[in-house]
Amino acid sequence: MSGTYLGLPAFPQAARLSTRDEQLRANLRHATHTIRAKRATAIAELSDWPELRAAGTAIKDHTLHHLDHYLEQLETAVTAAGGTVHWAIDADDANRIVTDLIHATGETEVVKVKSMATQEIGLNEALAEAGINAYETDLAELIVQLGNDRPSHILVPAIHKNRTEIRDIFHTHMAAWGRPAPDDLTDEPRDLAEAARLHLREKFLRAKVAVSGANFMIAETGTMVVLESEGNGRMCLTLPETLISVVGIEKTIPTWRDLEVFLQTLPRSSTAERMNPYTTTWTGTTHGDGPRTFHLVLLDNGRTDTLADTTGRQTLRCIRCSACLNVCPVYERAGGHAYGSPYPGPIGAILTPQLRGTTTALDASLPYASTLCGACYDVCPVAIDIPEVLVHLRERIAQGGPTTRHGTKATIKPAKGHATERAAMRAAAWTLDHPAAWTATQRLATRTRALHPRRVPGRTASAWTATRDLPTVPARTFRDWWQHREPDPKDSQQ
Ligand code: SF4
């Protein structure tokens, strides 16, 4: 497996391969079912969960509606607190800014706190090209990095690996990155954690530069907030001399008070904890404590384009809790790699095609990576109607239409491969608009029912029936039955 997402196949091809991997499916099933059950218990403890969910939704919507105002307020506050703000329009821009900042320190090694934004822009690969080694310090990210793998879950990036596989990765690869794993390493969680702790301690004590993301940015004070469970984040955020945070602009919230809501909803939705073990906040720089230099790189990379879409913009409410992944029947079977993006599962199926556009076969396939069962919407702590956005994106891909790319209005053409679907929909629309034609079609279907195949022939249409049978057409249409039924005496009495 390669650590990059370039040139990956469309979701159906990738999922066809991954669903054949029985070990992968067993690992995923065990992990997602365990987390989802714990989460349900943790949520049930709160009698005001619906109110918290509504409050989180309202805060996020309000901020997104006034994002220009809050971002300027944030920049002013960060600068006043001694930090420097950089605006990155896209991934290349952000990578160049971070690389230049690290080069300016004269360092060639950085420690990293787990960050979705830096995965999104491919920062580790860009730094490697510039001769800078970036060391992941989150345990699961470390496993992924050592194994030259890709993350397959938002919260548990190594969810697809079991303990024995992790021990083998430590044995084989740790020595090339620093302190080797002990020869007698077992696959007991305590031993694996200790090996990782000793390996990482060297890096924490040596690194002069750290790179992080942030879960939230508080506009009123310019404060960054990171929630994590292992303490590695706190080490990265406090020990190095220079701290560079790369954060998506949608992570802004107006006030400290707003944080109260998310400090309740995020830990329960993600790890099923009442509160997360480590909450680190920092505001610019503080004399004699923590990093002496702080840079904030505010990342757009398709977010303002997403904001321009009145249906799709709700995606930007996401607080990356991963609850939607753990209940998704498609994710549970296909695994995260099939989504070809650091954002897998239901949220990835709507976020990735909005951030990256739908011009590649992979991105155009993502909104179809769902059964539309709605379980993701039910669990989402900020009430993102994922099925609604999936259908909206499917329509845009199949029909084409107006969109916004790089800040300007554009019209996208219908994607290839949907001509049969469009023709079928046009024919269905015309028939449903003409009652006589509809009745004739129904009668024809009932009279020829014995001749109907169980599968639709043809390359495109057969994709529909490759995994399901066509429904059997009844012997009589509903209208025929209604007109010729025996009247019910009760009807005449009413
Ligand atoms: S879409 Fe909702 S449930 Fe999924 S990761 Fe984002 S906040 Fe969590």
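The model is predicted, so to speak of a local feature a pLDDT of at least 70 is needed, side-chain atom pairs count only at pLDDT 80 or more, and totals for chains, interfaces and linings use all residues. Residues are numbered from 1 along each chain as its sequence is written, and side-chain values use heavy atoms, with hydrogens and water left out.

**Stop 1: the ligand**

Select the ligand, then the residues around it: Cys318, Ile319, Arg320, Cys321, Ser322, Cys324, Ile347, Cys380, Pro381, Val382, Ile384 and Ile386. A residue is near a molecule if one of its heavy atoms lies within 4 Å of it. By class, this shell has 10 nonpolar residues, one polar and one charged. Here Ala, Val, Leu, Ile, Met, Phe, Trp, Tyr, Cys and Pro count as nonpolar, Asp, Glu, Lys and Arg as charged, and the others, Gly among them, as polar.

Where does the ligand sit? The ligand is in the largest cavity. A cavity is a set of points, on a 1 Å grid over the protein atoms alone, where a 1.4 Å probe fits but cannot get out. To sit in a cavity, a molecule must have more than half of its atoms within 2 Å of the cavity's grid points.

**Stop 2: arginine 320**

Stay with one of the residues around the ligand, Arg320. Arginine 320 belongs to the loop between helix H13 (303–307) and helix H14 (323–327). Helices are DSSP runs (H or I, at least four residues), numbered from the N terminus. Is arginine 320 buried or exposed? With a relative accessible area of 9%, arginine 320 is buried. Buried means under 20% relative accessible area, exposed means over 50%, and partly exposed is in between (1.4 Å probe, protein chains only).

Look at the backbone here too: arginine 320 has a positive phi of about 55°, although it is not a glycine. Most residues other than glycine have a negative phi.

**Stop 3: leucine 372**

Leucine 372 is not a glycine, yet has a positive phi of about 60°. Its relative accessible area is 33%, so leucine 372 is partly exposed.

**Stop 4: aromatic rings**

Over the whole structure, a search finds eight aromatic pairs. One of them joins phenylalanine 478 and tryptophan 481, a tilted pair with 5.6 Å centre to centre and 35° between the planes. Rings of Phe, Tyr and Trp (its six-membered ring) pair if their centres lie within 6.5 Å; planes under 30 degrees apart count as stacked, over 60 as edge-to-face and the rest as tilted.

Both phenylalanine 478 and tryptophan 481 lie in helix H23 (residues 478–484), three residues apart, about one turn of the helix. Phenylalanine 478 counts as exposed because its relative accessibility is 58%, whereas tryptophan 481, at 39%, counts as partly exposed.

Then select Phe11, Tyr331 and Tyr339, which form one aromatic cluster.

**Stop 5: charges over rings**

Select arginine 53 and tyrosine 377: the arginine lies over the face of the tyrosine, at 5.4 Å from the ring centre. Next take lysine 60, whose charged end sits over the ring of phenylalanine 262, 6.0 Å from its centre. A charge sits over a ring if NZ of Lys or CZ of Arg is within 6 Å of the ring centre and within 35 degrees of the ring normal.

**Stop 6: distances to draw**

Select proline 457, in the loop between helix H21 (435–447) and helix H22 (462–465). Proline 457 counts as exposed, at 63% relative accessibility.

Now take leucine 155, in the loop between helix H8 (139–146) and helix H9 (163–177). From leucine 155 to glutamate 228, 73 residues apart in sequence, the C-alpha to C-alpha distance is 9.9 Å.

End at leucine 64 in helix H3 (residues 49–65). Leucine 64 counts as buried, at 8% relative accessibility. Leucine 64 and glutamate 51 are 13 residues apart in sequence, and 20 Å apart in space, C-alpha to C-alpha.

Key:
1 Å grid on protein atoms, 1.4 Å probe; cavity = no way out; pocket = protein on both sides within 12 Å on 5 of 7 lines; lining within 4 Å. Helix = DSSP H or I, 4+ residues; strand = E, 2+ residues; numbered from the N terminus.
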